[in-house]
Amino acid sequence: MVMSLENNHEKIPIYIVQKDNRYSVKCQINRVADCLEIGEFCDSQEEALEWVEEECWIFSGEGWICYACVEGIWKKVVNKRQEKEDDRWKG
Ligand SMILES: [Zn+2]
């Protein structure tokens, strides 16, 4: 008898949430108050990923960041840059 190392469960990435055979993508960072936290539940992982792509979520390399968090981060970056510029002109 050959022992198989593969189990019956489909291997799902860490950013995928599975519930009742439906799939969704969760926000990796959950940084802002209006973070979506989780995308729409779809029949497959592929559809769930398509959904977040269409909603302009960003893939970080390890997970997905919802557009609300992306916007929150950008605002922070822009503010910081602005402060730096202001400092420079103040001397
Ligand atoms: Zn988020």
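Predicted model: local features only at pLDDT ≥ 70, side-chain atom pairs only at ≥ 80, totals over all residues.
Lys19 has Arg22, in strand S2, as its bridge partner. Gln18 is likewise bridged to a residue of S2, namely Tyr23.

Strand S1 covers residues 16–19 and pairs with S2 in the antiparallel sense, over four bridges. The two strands form a hairpin, with two residues between them. Asp20 lies in the turn and has a positive phi of about 50°.

## The nonpolar core

Which residues make up the largest nonpolar core? There are twelve in all: Tyr15, Tyr23, Val25, Cys27, Ala48, Leu49, Val52, Trp57, Trp64, Ile65, Cys66 and Cys69. Strand S2 (22–25), helix H1 (45–54) and strand S4 (64–65) each give two or more residues to this core. H1 supplies the largest share, three residues. In soluble globular proteins, nonpolar side chains tend to be buried together.

Cys69 is one of the core residues. Leaving aside residues up to four places away in sequence, Cys69 touches Cys27, Ile29, Arg31, Val32 and Cys35. Among these contacts of Cys69 is Cys27, which also belongs to the core.

## Helix H2

Helix H2 takes in residues 67–90, which is 24 residues. At 1.5 Å a residue, H2 should span 34 Å.

Is H2 largely buried or largely in the open? Of its 24 residues, the number buried is one, so H2 lies largely in the open.

Note on methods:
Residues numbered from 1 in each chain as written. Core = buried A, V, L, I, M, F, W, Y, C linked by C-beta atoms within 7 Å. Buried ≥ 20, exposed ≤ 12 C-beta atoms within 10 Å, placed from the backbone. Contact = placed C-beta atoms within 7 Å. Expected span 1.5 Å × (residues − 1). Pairing = 2+ DSSP bridges.
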